[in-house]
Amino acid sequence: AVTTVSQSLKEDTLKYFPVKKNIRVIPNFVCVDEYRVGNREEKRKPYSPNGEKILLHISNFRKVKRVEDVLLVFDQVRKQIPAKLILIGEGPEKESIEKLCKQLDTCGDIHSLGKVKDVEKIIGLADLFLLTSETESFGLAALEAMAAKVPVVSTNTGGIPEVNLHGFSGMLSNVGDVDDMAKNTLAILKDEKTHKRFSENAFEQAKKFSIEKVLPLYEDLYKQVIDK
């Protein structure tokens, strides 16, 4: 049996590889209970001492993640509303990111945490998650954010639109369109009712990918293979 985590990845697989078997799309899953955050306001204070909005990005800092776009979006947002940015992860683009934040004079508003073991304890502190990738087969980081009731502003590439629904759990933009991503970010964050609606919708969308719903799909597939 062959599985992919998104319809997009299935189509790419059939395009580039001579796969004879029928490919079953079974998405990644998330344990939503792990992303609940207690005492959220108290835990936010080290990152947002004056109640600033918190934007978050998590990745391995490779070129495909386009982390520079995260900083460019954040630079536009912070000029409109008080905001802070949390960066989680390490990778080859880390040095260029540090140079860019100096050029933009945003380093003082950025918390760069490096690798974090229990990332689920941080995600829920954010107000919005930024995913600017050039391509993603699924977008698991976006799903984890949604499980923590954090809306997502992302690119519309690969499998991401199958996870982040435009106008519901967040907003989608073309790759590299930092102006549109900044506009979408501000549209969600500037109005509390709008932000609350997107947060609740993000959680509802995440529940569609809960382990309780996805794991049985794998079990059924295993049984089919065994029966053959």
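A: A pocket is an open set of points, on a 1 Å grid over the protein atoms alone, with protein on both sides within 12 Å along at least five of seven lines; its lining residues have an atom within 4 Å of a point. The model we will read this way is predicted.

Q: Which residues line the second largest pocket?
A: Rolling a probe the size of a water molecule over the atoms shows where empty space is left. Here the second largest pocket holds about 180 Å³, and its lining is made of Ala 1, Val 2, Lys 21, Asn 22, Arg 24, Leu 221, Gln 224, Val 225 and Lys 228. Helix α10 (residues 211-227) gives the most, 3 residues. By class, the lining has 4 nonpolar, 2 polar and 3 charged residues.

Q: And what is the volume of the largest pocket?
A: About 390 Å³. Among its 20 lining residues, Arg 40, Gly 124, Ala 148, Lys 149 and Ser 199 lie nearest the centre. Helix α9 provides the largest share, 6 residues. The lining counts 9 charged, 7 nonpolar and 4 polar residues.

Q: Now a strand: which residues of β4 point one way, and which the other?
A: In a regular strand the side chains alternate between the two faces of the sheet. In β4, Ala 83, Leu 85 and Leu 87 point one way, while Lys 84, Ile 86 and Ile 88 point the other, and all are buried.

Q: In which sense does β4 pair with β3 and with β5?
A: Parallel: over 6 bridges with β3 (residues 53-58), and over 4 with β5 (residues 110-114). Lys 53 is bridged to Ala 83, and Ile 88 to Gly 114. Together with helix α4 (residues 94-104), β4 and β5 form a right-handed β-α-β unit.

Key: Residues are numbered from 1 along each chain as its sequence is written. This is a predicted model: local features need pLDDT of at least 70, side-chain atom pairs count only at pLDDT 80 or more; totals for chains, interfaces and linings use all residues. Side-chain values use heavy atoms; hydrogens and water are left out. Buried means under 20% relative accessible area, exposed over 50%, partly exposed in between (1.4 Å probe, protein chains only). Helices (H or I, at least four residues) and strands (E, at least two) are DSSP runs, numbered from the N terminus. Two strands pair if DSSP finds at least two bridges between them. A crossover is right-handed if, with the strands pointing away from the viewer, the path from the first strand over the helix to the second runs clockwise. On a 1 Å grid over the protein atoms alone, a cavity is a set of points where a 1.4 Å probe fits but cannot get out, and a pocket is an open set with protein on both sides within 12 Å along at least five of seven lines; lining residues have an atom within 4 Å of a point. Grid points are joined across faces, edges and corners, and a volume is the space filled by probe spheres set on the points. Ala, Val, Leu, Ile, Met, Phe, Trp, Tyr, Cys and Pro count as nonpolar, Asp, Glu, Lys and Arg as charged, and the others, Gly among them, as polar.
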